[in-house]
Amino acid sequence: MIDQMLIQVILNGFCLGAIYSLVSIGLTLIWGTMKIINFSHGSLMMVSMYISFWLWLIIDLDPLISIFIIFPLMYGVGYLFQRFIIMPILEAERHAQLLMTFGLMLVIKNTVLYFWRADYRVVLPFYADLFFRMGEIVFDAPRVIAFTAAIALSIGLHFFMTKTSTGVAIRAVAQDSEAASAMGINVHKIYGITCGLGTAFAGVAGALISTYYPVHPDVGTAFMFMAFVTMVLGSMGNYLGAIVAGLIIGVTEGVTAYLLSSSIRQAVAFIVFVLTLLLKPEGLFGRVLRR
């Protein structure tokens with residue numbers, strides 16, 4: 001007999017994994033194009049959750065509608081982030097880049113703590129308590145909506161990257177920036193677009209998850225760590241791999257919590273991360289690394 005609860009856990013894992021995918025896609029795009037690991041990525045997602053919360057609280061704007069505000073707003077933040085923070089250190093040593101983005105993460109987090117304290121805040125749209133039932137399996141509306149939106153955005157990104165000239169230019173710069181520049185592509189402009197898109201996807205992930213996850217200053221840290229795991233598992237720089245890996249990590253967490261304990265669900269995900277680095281460092285969907 002099929003364990004209905006296990007099926008429920010797996011489906012919930014897919015919903016969570018789709019959010020991991022969205023956050024990881026942003027990291028993957030930035031790394032694949034500029035070879036920058038942005039430690040502030042999770043903090044920017046957290047900021048978008050606060051924006052979604054305040055828009056809902058002040059003007060009663062549904063988080064799903066606020067996406068149309070958050071996406072361009074966070075795109076602009078990402079573009080400015082690349083222009084004024086990343087560009088000056090683009091040719092610097094790797095440790096300088098890591099320290100810069102890590103420092104920015106601390107600045108964002110502590111600024112939020114200063115203005116809004118560490119209180120947990122909850123967004124309660126009209127569908128917060130709605131659910132769908134299929135036999136013994138129950139789907140709560142916020143998770144289903146977030147999953148559907150995340151998958152739709154991922155598909156949209158794939159079409160953008162493969163069917164538009166800008167998307168093809170991003171892929172060309174990611175593959176060989178010098179050759180792309182020689183072919184007439186404005187590499188620095190592509191860097192700005194890529195960083196803007198990556199940050200915008202993190203922003204949308206924050207808006208979606210705010211419908212069923214509490215908003216607080218530390219929320220970005222947990223999702224940032226899992227986004228790193230997802231990015232490595234899916235092969236760094238491979239946005240399609242990040243989508244699949246996010247779903248794998250989400251299901252792994254859910255099944256671990258159900259079969260073992262919820263206290264070690266992220267530990268198991270990190271074990272998967274370490275094993276991937278040891279056994280297949282190029283990731284599940286990457287090319288074999290050459291010396």
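Cys 15 has a relative accessibility of 9% and therefore counts as buried, the term meaning under 20% relative accessible area, with exposed meaning over 50% and partly exposed in between (1.4 Å probe, protein chains only). Cys 195, at 0% relative accessibility, is also classed as buried. The structure holds zero disulfides, a disulfide being a pair of cysteine sulfur atoms within 2.5 Å. The model is predicted, so that local features need pLDDT of at least 70 and side-chain atom pairs count only at pLDDT 80 or more, while totals for chains, interfaces and linings use all residues. Residues are numbered from 1 along each chain as its sequence is written, and side-chain values use heavy atoms, with hydrogens and water left out.

Helix α3 covers residues 63–86; helices (H or I, at least four residues) and strands (E, at least two) are DSSP runs, numbered from the N terminus. A straight helix of 24 residues would span 34 Å at 1.5 Å a residue, but the end C-alpha atoms of α3 are only 30 Å apart. The expected span is 1.5 Å times one less than the number of residues. A bend of about 35° occurs in α3 at Ile 69, and Pro 72 follows within four residues; the bend is the angle between axes fitted to the seven residues ending at a position and the seven starting there. Buried residues of α3 include Ile 67, Ile 70, Met 74 and Phe 81. The buried residues of this helix pack against α1 (4–34), α2 (41–59), α4 (94–116) and α8 (187–209).

For α8, the 23 residues should span 33 Å at 1.5 Å a residue, and the end C-alpha atoms are 33 Å apart, which agrees. Because 21 of its 23 residues are buried, α8 is largely enclosed by the rest of the structure. Asn 186 caps the N-terminal end of α8, a side-chain oxygen lying 3.4 Å from the backbone nitrogen of His 188.

The largest nonpolar core has 72 residues, of which Ile 19, Met 34, Leu 208 and Phe 223 touch the most other members. Such a core is a set of buried Ala, Val, Leu, Ile, Met, Phe, Trp, Tyr and Cys residues joined through side-chain atoms within 4.5 Å. Helix α8 supplies the largest share of this core, 13 residues.

Key. Contact = heavy atoms within 4.5 Å. Polar contact = N/O pair within 3.5 Å; in protein donor to acceptor, adjacent residues only side chain to side chain.
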